Structure formats: C-alpha cells, structure tokens
Amino acid sequence: LKAFRDEGCVETVNVEIFTEPGCVFHVFPCVPWIKDLFGYVGIEAVLDQMRRKTMKAGFEFNIMVVGQSGLGKSTLVNTLFKSKVSRKSCTPNYEEKISKTVNLQSICHVIEEKGVKMKLTVIDTPGFGDQINNENCWEPIVKYVNEQYEKYLREEQHVNRKRRIPDTRVHCCVYFLPATGHRLRPIDVEFMKRLGHIVSIVPVIAKADTLTMEERLEFKQRIRQDLEANGIRVYPQKEYDEDAEDRILNDKIRENIPFAVVGTDKEHQVNGNKVLGRKTKWGIIEVENVAHCEFANLRDLLIRSHLQDLKDVTHNIHYETYRVRRLNESNANGLGLSALSLENGTFDKNEAESQL
C-alpha cells in the first residue's frame, strides 16, 4: 500500500487493526478497488491453450548424423530416443557395406511419449569419409541442406500457402569424431567449417570408452583448441544467447563440447537395477551415468533443454540467411525465384535465363 501511495495512486490509506491478547496484528486495508486491481484475469491460461494446440499438431525434429562407418551412429541414435529409429535398424536384411559415394538416406518415425507426438526424421550419410580420396565428400551434404531450405522457401512463396508448411530442414547435425586421442583431422576441419554456417553442428567423440579419462580430457582440450583456431562454429554459439540465464547454461555446455559418448541398446543388471550399458571383462560401462560418459549431457542438449532452440536457430538464423541470399540473387538477376535452379548450393544464371 505504501508503494501505491508513493506512486501517487492514492493520497491516503485507511487501515483497520484488530488485536487480541497473544495474537499478532491483522491488517485489513479499507481500499475497495484493491480486490479488483489484483483480480484473476486468466492470462496464464494462454500457456494451456498453446500446449493443447501444440500437442494436437505434434512436433517435427530432423537430425542428421555424419561420420565414418563403424563409429556407432545408428546405435547412438537408437539410444537417444530409446527406439529403433536408425536406418540400419529399420532396413530389413541390412548388410553393412561401404558406399562408393556419399548417399544421404532419411528415415521418418512418429514417436509418442505421454500424449506428446513427435515426427522424427533421421538423415544418415553412408559413405562419408570412407574412401581413400575424400575430396569434396561434404558437397552432397551441403547440397541436401540447401535443398531443404529451398523447398521450404518455395512453399512460402506460393500464393495459396499451406496452413502448416512441412518442415524438412535439418535442425541439428551430430558430427562423430573417432577417438584417436590426437587432434582434428583435415576432413573434420573442412566439414565443420563449411557446414557450420548453414546448420547447427554438435560434435561428439564416438566410442569414448576406448580412451582413459585422462586421454579423454586431453583430447577434448585439443579439439576445442582446433575449433577456435580454425574459426569453426558449433552449437550453441555465444552470439545466439538471448539473456544472462541462457549464457550461464550454454557456457556449461560449451565447456563440455565435444561430448564423449557411448551408445548401446542392451540392458544389464547393476546393483539390482536395469541400466543401459556395455559389458566388458572388467565391468559395465553405464551409458546414462555421467561418471562413465557424457551421453546424458548430449541427450539433455538435443531433447530436454535445447530441442526448440535448435529449431528456432534453424528458422531464424540459418534459414533466414539462406532466404535473404536467395531473394537478393533473384532481384539482382531480375528473375523470379522459381526461375533459379539449385546446384551444390550455387545457382546457374544461364539455366535460369534459358527457362525464361
């Protein structure tokens, strides 16, 4: 009441005090409009409305896994979502064989948990880094990411747009680093430098149980030094922190990047409890135990804390950058957006003119 009086809302405030022996003072303001001023409006119900509409529509999340064969990409994705969602798990009569070129393949699933549905798309990149000559092996991946932006942009340019545009854009790229214990390889540097500007990259050390704890810490430190020396942008970027609270949370994440992870879909008994883990002669490596590996930190980042932020960064930063560039190019060439063609992330002016 003093605050209202100091702000000039009321000149005087009448207060009635009723006392009884052995009781504390009970203060009741005799201001009739106080109840109406602090009455229930119902603004908080907006959150319930948004929740109901979102649950009906469901979520979309597209994750790409990139790395050499044998690093456990399929196993880790299955462990993340606790389902058989990888290409290897969903392909009947699957035979492991090295692809001669990088062929991107996607698998779509609808995962439901406690009434919340999510359409999950896992994009695999078989053949990446498996050849003797890996020159420009990242180009098919760059082309694929840009093609999804182009598809979304064309849907937005239609006169009669869909009420909900299908979102096939890559929201996150999990890049698998082999546990060599040395530094980043040239192919790792080139890939992350080129992809870091068009998609959110989260680097992980695959099969980290092959390293001792000391080797793991030293390897992570070398990787962070290489990332900084080469100007490689990995998620979450400092410039995208919205406030001090986000900065504190993201700083903790940046200190742990790259995540040293272990994946498995097998359960074992540990102290009477079933846990996901890899059984060895000297014990069981618990996947979800932060003392054994950082899989739990990766899962929290991708699903529990930053899934929506990954989608927002994709839409507001990466896609917006692509959209502005495309529109500037179409305006500079005097062509409509539909007349330009996409090829490896670049546009052929001659082909567009021939279409006109």
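No disulfides are present in the structure, a disulfide being defined as a pair of cysteine sulfur atoms within 2.5 Å. The structure is a predicted model, in which local features need pLDDT of at least 70 and side-chain atom pairs count only at pLDDT 80 or more, whereas totals for chains, interfaces and linings use all residues. Residues are numbered from 1 along each chain as its sequence is written, and side-chain values use heavy atoms, with hydrogens and water left out.

For Cys173, the closest cysteine sulfur is that of Cys172, at 7.0 Å, which is too far for a bond. Cys173 has a relative accessibility of 0% and therefore counts as buried, where buried means under 20% relative accessible area, exposed over 50% and partly exposed in between, computed with a 1.4 Å probe on protein chains only. Cys293, with a relative accessible area of 1%, is likewise buried.

The protein contains twelve helices and 13 strands, assigned as DSSP runs numbered from the N terminus, with helices (H or I) of at least four residues and strands (E) of at least two. Of the 356 residues in the protein, 40% are buried. Where contacts, meaning heavy atoms within 4.5 Å, link residues at least 6 apart in sequence, 64% of them join residues at least 24 apart.

The packing of helix H4 (residues 73-81) against helix H10 (residues 295-305) was examined through their axes, which come within 10 Å and cross at roughly 70°. These axes are lines fitted to C-alpha atoms, for helices over the stretch in contact, and the angles run from 0 to 180 degrees between N-to-C directions. H4 and H10 are therefore roughly perpendicular to each other, given that angles under 35 degrees count as roughly parallel, over 145 as roughly antiparallel, 65 to 115 as roughly perpendicular and the rest as oblique. The crossing of H4 with H10 is right-handed, a term applied if the near helix is turned clockwise from the far one by less than a right angle, and left-handed if anticlockwise. On the H4 side, Leu76, Thr79, Leu80 and Phe81 take part, and they meet Phe295, Leu298, Arg299, Leu302 and Ile303 of H10. By class, this contact comprises seven nonpolar residues, one polar and one charged, with Ala, Val, Leu, Ile, Met, Phe, Trp, Tyr, Cys and Pro taken as nonpolar, Asp, Glu, Lys and Arg as charged, and the others, Gly among them, as polar.

In helix H7 (residues 186-195), the buried residues are Ile187, Asp188, Val189, Phe191, Met192 and Leu195. The elements covering the buried residues of H7 include strand S3 (59-66), H6, strand S6 (172-177), strand S7 (201-205) and H8.

Several loops carry backbone features of note. A cis peptide bond with omega of about 0° joins Tyr235 and Pro236, and Pro236 is placed in the loop between helix H8 (213-229) and helix H9 (244-256). The peptide bond from Ile257 to Pro258 is also cis, with omega near 0°, and Pro258 lies in the loop between H9 and strand S8 (259-260). Positive phi in a residue other than glycine is found at Lys114, where phi is near 55°; Lys114 belongs to the loop between strand S4 (105-113) and strand S5 (116-124) and, at 83% relative accessibility, counts as exposed. Asn136, which is not a glycine, has a positive phi of about 60°. Asn136 is located in the loop between S5 and helix H6 (139-157) and counts as partly exposed at 32% relative accessibility.
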